[in-house]
Amino acid sequence: MRVLLVNPPLRSITNRVGVGFQLPLGLVMVGGPLVDAGHQVTLCDADALGLSPRRIAATVARTQSSVVLVGHSGSTAANPTSIEVMAAVKAAMPLATTVYGGVYPTYAADVLLERYSQVDVIVRGEGEATVAELVSLIASGGGDFEKVRGITWRDLNGRIRRNPDREPIVDLDPYRVAWELADWSLYKAFGTDGAAAGIQFSRGCPRTCTYCGQWAFWKRWRHRSINRFVNDLQLLHDRYNVRSVWIADENWGDDPELLHAVLAQLAERQLDLAIYCSMCASDVARDIEHLALYRKSGIRFILMGVESANDEVLQRIGKDNPQEMVKTVATELRKNGILSVVNYIFGIQSETHRSMWQSLKRIFDLDADFINALYYTPHGWTFDGRRTDPAEVVQFDQTRWSYRNQVIDAGALTPAQFFLWIKLIEAAAHLRPTWLSRLVRREFPDVQRLLRWCFIHTSAVWVTEIYEQLAHVRFHQAGRIQPDLARLLLPSGQRGSSSSIHPQTALLYRKSE
């Protein structure tokens, strides 16, 4: 069976002028079991290549692919272009089976199949086992998918069928990642020599923040074996000339013994890799005495979700990030040659000029290396999303639901005021004298190079986003959204039932599964 994996052309500003395009990790992870089952699999990264839906359809025709699987890591914002791609595919190859996967389609499966006839099957949740079973069934000539767990589909009579959920994969090691499908010349990041890759060690997160749906999507926290993970990094380094790696885990630092064992193996192998990862600030604070090991293993960036400067907001959303702790962590990381990147989400609370000013002051006091200013984006399947009134939506263009644009009414601030405040905070945080002085320090030459590279590219993103806001972004008055559009933007479908449970009771649910 010929299968085409398509990463649709979202073409975000962050990728185009910022860090660069990222390997479509989810697709190559699904591709591994397909290749190993004997299928002929091709990867089309239309995002990195800038291909139009029509050219993607031409690729389907040229490769004579019977199954076209579409998925994107930024699945909510990429949904419109994903739908366009599948429409073009169906126009060119009506008999091809279109399969759609990712976080957003997992929860929006019913509404997507109702609205778009070009979508044949939606894979809910993690896809390796589900896609392998589905494609094997198609290859055998089977058109009745009712026994394939973890899919929503349209039968021959046009009825939408939702099959039972598939249980989470217990042992991840047998599912090989098909690194060989990638064109590695497309992926560069952070100015390092060689290619850039994403890789996953664990899935899920033991924490249950109210605005995040990852803990409910993956359901259980699991991880690959240390040897398998490190061997994959060795393979990427040796065979594909990968020199920078993003650890695509929601939270890989929760178990200190496991994390230290992984880092010890990486340090022992002395791979020439610059590693970028996300961690909870409290986990880094726990490991202050181990930061030399972090550095030796190759870690150069740690992204931490601080989320808010308001302690009451932090308590409400389930974050425990005291200002002084995060400040200490940023300082200690800097002493050890590791850059700190701090996420702040604006709009979780009703914002005012006073609240934005307070955030700016706390960001200055924090003194992290980079501030990543994001807009509150309450996905419908999260706890916060479920209690969001659709009347609060001010951005009807789903391609803007990317955390880089305002989508929900900010309260006392107009969209223009809100945008100007965020751009001011970003500029002030990265132009303060203490930060600029780090561009010329020489304690860690590799970190200095990273700082300079990031300063240039984040500045380019900053300017481009201002142009985009003025030239193309339009807002609607709160309260004007139509019910059918609200259902598309805030889908309430769920994988299992944990996404509807308040985080205070979620851990009990997870332990009982």
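**Cavities and a pocket in a predicted model**

**View 1. Lining of the second largest cavity.** By class, seven nonpolar, two polar and one charged residues make up the lining of the second largest cavity (nonpolar: Ala, Val, Leu, Ile, Met, Phe, Trp, Tyr, Cys and Pro; charged: Asp, Glu, Lys and Arg; polar: the others, Gly among them). The lining includes Phe 346, Gly 347, Tyr 375, Tyr 376 and Asp 409, and the volume is about 50 Å³. This is a predicted model, in which local features need pLDDT of at least 70, side-chain atom pairs count only at pLDDT 80 or more, and totals for chains, interfaces and linings use all residues. Residues are numbered from 1 along each chain as its sequence is written, and side-chain values use heavy atoms, with hydrogens and water left out.

View 2. On a 1 Å grid over the protein atoms alone, a cavity is a set of points where a 1.4 Å probe fits but cannot get out, a pocket is an open set with protein on both sides within 12 Å along at least five of seven lines, and lining residues have an atom within 4 Å of a point. The largest cavity has a volume of about 60 Å³, a volume being the space filled by probe spheres set on the points, which are joined across faces, edges and corners. Strand β14 (residues 339-346) gives the largest share of its lining, three residues (strands: DSSP runs of E, at least two residues; helices: H or I, at least four; both numbered from the N terminus).

**View 3. The second largest pocket.** About 400 Å³ of space lies in this pocket. Of its 17 lining residues, Thr 192, Asp 272, Ala 274, Asp 446 and Arg 449 lie nearest the centre. Helix α20 supplies the largest share of the lining, four residues.
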